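Please read the following report alongside the sequence and the coordinates. It treats a helix pair, then a sheet, then a domain assignment.

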Amino acid sequence: MSPTILLLLALGLGLAGWLAARARAWTFRKASPDGRLASLPSYHAWYVALWIILPVLVFVGAWSAIAPGLVTQSVLASPAADQLPAFGFQRQTILNEARAVATGASQAVFNPLAKEFVEPYRQALSFYNWIGIAATLVIAFLGGAWSFLRLKPDFAARTRVERIVMAILLGASLVAILTTIGIFVSLIFETMRFFGMVNPLDFLFGTHWGPDPMSNPDNPDSSRYGAIPLFWGTLFIGAIIAMIVAIPLGLMSAVYLTQYADPRLRAWIKPTLEILAGVPTVVYGYFAALTIAPAIRDFAISLGASNPSSESALAAGLVMGVMIIPFVSSMADDSIAAVPQAMRDGSLAMGATTNETIRRVLVPAALPGIVAGVMLAISRAIGETMIVVMAASTAANLSANPLDSMTTVTVQIVAMLTGEGSFDHPATLSAFALGFVLFMVTLGLNFIALRVVKRFREAYE
Amino acid sequence: MVTVVHQNLEDTDAKMSARNVSVFYGDKKAIDEVSIDIPTRYVTAFIGPSGCGKSTFLRTLNRMNDTIPSARVEGDIMLDGEDIYKSGMDVVQLRARVGMVFQKPNPFPKSIYENIAYGPKIHGLAEGKDELDAVVEKSLRRAGLWEEVKDRLQDSGTALSGGQQQRLCIARAIAVDPEVILMDEPCSALDPIATAKIEELIDELNGRYAIVIVTHSMQQAARVSQRTAFFHLGKMVEYGRTSDIFTNPLEQRTQDYITGRYG
């Protein structure tokens, strides 16, 4: 609650600063002989407003990280603290209960000891709340006053504002990169813990997967952590079966839509195809598990299979392929449409048919975009979870028969993390190692795709 | 208003002839009742101010307007006496006989060799590598490009200079051995030296192919063509020998245009 108040306060002060600065800039303008300023009044206004709001935002961010710790510290300084258990789970529960009552989130406490802490909490919270508000006001005032005093008729407010805005944009783009690095680091950390317990070679090259979350965590059986069947299942379902469906269908639909379709038809089909990309994967999962998988099972029986699995790699792969079609077709469509009309005219004027023009000129010229679309689709298919969870099963089989049940890396990550093993058990930690491998493979795929595109692109300009 | 056609055009062997051709883009009439005979052995130039329809008319001659969905053509256009807009006409065959070079050089993003070999391959004009090599060399020689590129036939066609690219496009058109070559302002994106080379090339090709060139430059029309047609506002105003059009035009508007009064 208190950060919200502080933010509203900052915005209010910022607005006040904005109005004051603009009024001041207008007086400059009136006073100046030719009615011109180095920057427009609104830039003066934004300059002051940003100088009020940004420092406050930084402070609020830091304050909401520090304040709870300060509150707890002052509560622990109260006389009742001596009765608390020294540390651990119970101590935390008591403090949390007291805090919840103090902030009004709950009405009563279960633990009698917690009652002792309600009043100290209430006092500490309101004390630090006021400190926060006071500090916000001081910071806003300092920022506002400093920037306001700098306003002059020849002050270059526009360049300053543009520089601040550029810094904000840079920060926005850094968030995504920093998050990726953060994910990577946390993955590495947990993966190292796992490899401290299980030999990496057994993990990467073993062919038997069957971690037992109930086994003794201190002495894991390395031979049960062979991830080859998972890698194979992922590859077979995501990169082979799904791509056999998605690449030809996606490409053909892109070619039809860009080269043959009537514009009115295209205006209908293209958005419809793209809706396919917006269908939640769980829904595809139902479809795969309830419709496709039984159909494939019946088909297998008609072929003479004695006891086919009701969960097959084929069912998951086919549905996943259909799900991926829009990715391939939409990227291919965009890059084919981006090939200059002059290329097409040049080929047609040679007496090439539309078909020859597409195969020999348009697709080669659009290849970088098409490859990028396919790589994106493969990454997406490899990382896909819901369809395989619902349609492919959790049994790790190393088999080339698409009618067998198989499992994938993502399915096992879900199974291991939601299993009943404790968090530091190697079976649970194996999820991180699997995630790490998945991350590296996707990274490698993208890297290879970039190299391939660079090597084979037919640049038309 | 009727087109003024000079009466001293003795050539009877018209390669292509248009009769009362009108072109519409949607409801807008871009070409109005144009009739013209394109001679077999000469270079014919279409001149006129921007937007007068000369490029549009050029594109009707090998049905490149078919690629524009809203375009519609009325009237008759004959190639060796055969109506090219009749139903059942094979557009692919037509365009192999009537080639085209565009305003902006548009080599395919392939090697120089592949650019030239493209047409012969799709039309099955060469059997085997040796024959194809010969066609490529002959076409590049005719386009005056062989000496400049013979050592780097595998380089990308887009890596050449603008003038070389345009000569590559001409060589590409020649490679399928057309009867007519249409050129749509082939020099408008080139510098004067490259332009001079193209004009020289047109002179050399003259006689071997019927050439129709659309140009903005009246000097260019005067230099390279033997027949000139002046277009204005979608109509063909005057058609005759280039020397007559430039020295002795019969129409006031032609006179005004070539003396630079407008356009």
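## Helix packing and sheet order

In chain A, the axes of helix 9 (residues 281–303) and helix 10 (residues 313–337) come within 9 Å and cross at roughly 135 degrees, where axes are lines fitted to C-alpha atoms, for helices over the stretch in contact, and angles run from 0 to 180 degrees between N-to-C directions. The model is predicted: local features need pLDDT of at least 70, side-chain atom pairs count only at pLDDT 80 or more, and totals for chains, interfaces and linings use all residues. Residues are numbered from 1 along each chain as its sequence is written, while chains are lettered from A and ligands numbered from 1 in the order in which they are written. Helices (H or I, at least four residues) and strands (E, at least two) are DSSP runs, numbered from the N terminus.

Helix 9 of chain A and helix 10 of chain A are therefore oblique to each other, the class left once angles under 35 degrees count as roughly parallel, over 145 as roughly antiparallel and 65 to 115 as roughly perpendicular.

In chain B, 7 strands form an open sheet of mixed pairing in the order 1-11-10-4-9-8-7, two strands being paired if DSSP finds at least two bridges between them. The edge strands, each pairing on one side only, are strand 1 (4–5) and strand 7 (98–101) of chain B. Strand 1 of chain B pairs with strand 11 (residues 235–241) of chain B in the parallel sense over 2 bridges, and V5(B) stands opposite Y239(B) in strand 11 of chain B.

| Domain of chain A | Residues |
|---|---|
| domain 1 | 2–155 |
| domain 2 | 222–456 |

The C-alpha centres of domain 1 and domain 2 of chain A lie 48 Å apart.

How values were computed
Domains from an automatic or database assignment.
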